[in-house]
Amino acid sequence: MENEEEAALSSSPNPLDVDPAIQKKHQSMLDRLTNRHQTRLGSSLTRRSAESDSSSSPSFESTSTFLSRFSKSKSSIESQLAQCRLGLSESTQVKPQLDQISSSISDLEKLVAENSYFLPSYEVRSSLKTISDLRQSLEILSSELLPKKKFAFKNKPTRKDPIFESKEQEEEKKPEKPGFRVPESPGFWNKKGEILVHKFKGSELGEFTIADLDSCEVRLTGSVRALFVHRLRNCRVYTGPVTGSVLIDGVEGCVFIMASHQIRIHNAKRSDFYLRVRSRPIIEDSCGVRFAPYCLSYQGIEDELREASLDEETENWSNVDDFLWLRAVQSPNWSVLPEDERVCLVDISNSEES
C-alpha cells in the first residue's frame with residue numbers, strides 16, 4: 001500500500017494543473033507517508049539505544065566479576081588485619097576495628113552465598129576456605145590484642161552425665177579442625193533439658209553461639225549476623241533470619257528450623273534440617289541428614305525475613321552439596337524429608353526470654 005502511494009505521488013502531474021480535490025488527496029497521501037517514515041525512524045533509534053544500553057551493562061552473573069570483587073574485599077580485610085597487628089590503631093579503637101573486620105568477613109560470606117548458584121563448585125570451596133582462614137586470623141588477633149573476658153561458661157561445671165564425659169574425652173584426644181573452633185561469643189552453653197529463648201534486638205549482637213546442649217529446645221527470634229552451633233544432642237533449634245552464615249558442627253538426633261544466607265553442616269548424624277537459604281547448603285562428614293523447607297512462624301518474622309533478603313523461597317534447601325561425595329550420583333549421606341514425616345508450621349510467638 002505504501003509503495004502504491006509513493007508511485008502515485010511520483011507520477012502525479014504538477015499540483016497547479018489539477019483539480020483542487022485531487023491536490024488535496026495527494027497532500028493527504030504525502031502526510032501519511034511522512035508520518036510513517038518518522039515513526040520508523042523513532043523505533044529504529046529506540047531499538048539501537050536499547051541494544052547499546054544492553055551491551056554496555058555489566059553481567060553480574062559472571063565468575064570473573066565475582067572473583068574480582070572477592071579479591072578486592074579479601075585484600076581490604078587483610079590490610080585491616082595487618083594494620084591492627086602492627087599496632088597502628090589507638091588502643092581505644094582496637095575493639096571497634098576488630099568488630100568492623102568481623103562485619104567485613106560476614107559481608108564476604110554473604111557475597112559468596114548470593115553468587116554460589118552459578119559459581120563452579122571448586123570456586124565455592126576455595127572462597128569458603130579463604131573466609132575460614134580470614135576468620136581464624138581474626139580470632140587469633142583478637143586473643144592477642146584484647147584481654148580475656150571471664151565468661152561464666154569458661155569454668156566447666158562438674159558433670160556426672162556419662163554422655164558428656166565420654167564426649168569431652170574424645171574432644172581432648174582429637175583436636176578440632178580449623179574453621180570449626182567455637183568462638184567466645186554470647187550464647188547458650190552447657191545446658192540440659194531446658195527451653196532457651198532469646199530475642200535479638202536491632203544490631204545488639206553480631207554473633208551468637210549454641211554449644212554443649214543435650215535435650216534442649218532453643219528459640220531465637222530477630223536477626224543476627226552469624227550463628228555457631230556446636231556439640232548438640234537430641235535438641236530442637238528454631239531461628240529467625242541469619243544475615244550471614246550458620247556453622248553447625250557435631251550434632252546428633254536434632255531438628256533445626258533455620259533461615260540464612262549460607263549454611264555449613266559438619267559432622268551431623270540423624271538430624272533434620274528445615275531451611276530457607278540463599279545458597280546451596282553444604283555438608284561434610286555427615287550421614288543420615290534430611291532436608292525440608294523452612295516452616296517457622298512468630299510475630300514480625302515476615303518483616304525480618306524481608307529485611308534480611310530471605311523472604312523468597314529459593315528451593316535451595318533441596319540442593320545440597322556434599323563436599324566429600326565426588327561421584328556423579330546422589331550422595332547417600334543426605335535425602336529429602338518425606339512430606340508425611342515433616343513437622344507442621346512451628347509457631348514460637350509466645351516464647352518468653354530466658
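## Close-up views of a predicted model

**View 1. Helices α3 and α5 pack side by side.** Helix α3 (residues 63–85) and helix α5 (residues 121–145) meet at an angle of about 10°, and their axes are 11 Å apart. Helices here are DSSP runs of H or I with at least four residues, strands are E runs of at least two, and both are numbered from the N terminus. Axes are lines fitted to C-alpha atoms, for helices over the stretch in contact, with angles from 0 to 180 degrees between N-to-C directions. Residues are numbered from 1 along each chain as its sequence is written, and side-chain values use heavy atoms, leaving out hydrogens and water.

The angle makes α3 roughly parallel to α5 (under 35 degrees counts as roughly parallel, over 145 as roughly antiparallel, 65 to 115 as roughly perpendicular and the rest as oblique). Among the residues of α3 that meet α5 are Phe 66, Phe 70 and Ile 77, and the α5 side includes Ile 131, Leu 134 and Leu 138; contact means heavy atoms within 4.5 Å. Sorted by class, this contact of α3 with α5 has 11 nonpolar, four polar and four charged residues (Ala, Val, Leu, Ile, Met, Phe, Trp, Tyr, Cys and Pro count as nonpolar, Asp, Glu, Lys and Arg as charged, and the others, Gly among them, as polar).

**View 2. Helix α5 also packs against α4.** The axes of helix α4 (residues 94–115) and α5 come within 10 Å and cross at roughly 170°. The two helices are therefore roughly antiparallel to each other. On the α4 side the meeting residues include Leu 98, Ile 101 and Ile 105, and on the α5 side they include Leu 128, Arg 135 and Ser 142. By class, the contact of α4 with α5 has 12 nonpolar, four polar and two charged residues.

**View 3. Aromatic rings pair up.** Look for six aromatic pairs in the structure. Rings of Phe, Tyr and Trp (its six-membered ring) pair if their centres lie within 6.5 Å; planes under 30 degrees apart count as stacked, over 60 as edge-to-face and the rest as tilted. One of the pairs, Phe 200 with Phe 208, is edge-to-face, at 5.2 Å centre to centre and 85° between the planes. Phe 200 and Phe 208 are both buried (buried means under 20% relative accessible area, exposed over 50%, partly exposed in between, with a 1.4 Å probe and protein chains only).

Phe 291 and Trp 334 form another edge-to-face pair, 5.9 Å centre to centre with 85° between the planes. This pair links distant parts of the chain, with Phe 291 in strand β10 and Trp 334 in strand β13 (residues 334–336), 43 residues apart. Phe 291 counts as buried at 0% relative accessibility, and Trp 334 counts as buried at 9%. Ring pairs also join Phe 256, Phe 273, Phe 291 and Trp 334 into a cluster.

View 4. Cys 295 sits in the loop between β10 (289–293) and β11 (296–297), and counts as buried at 10% relative accessibility. Leaving aside neighbours within four places in sequence, its contacts include Tyr 274, Val 343 and Leu 345. The C-alpha atoms of Cys 295 and Arg 276 are separated by 8.8 Å. Arg 276 belongs to strand β8 (residues 272–277) and is buried at 14% relative accessibility.

Key:
This is a predicted model: local features need pLDDT of at least 70, side-chain atom pairs count only at pLDDT 80 or more; totals for chains, interfaces and linings use all residues.
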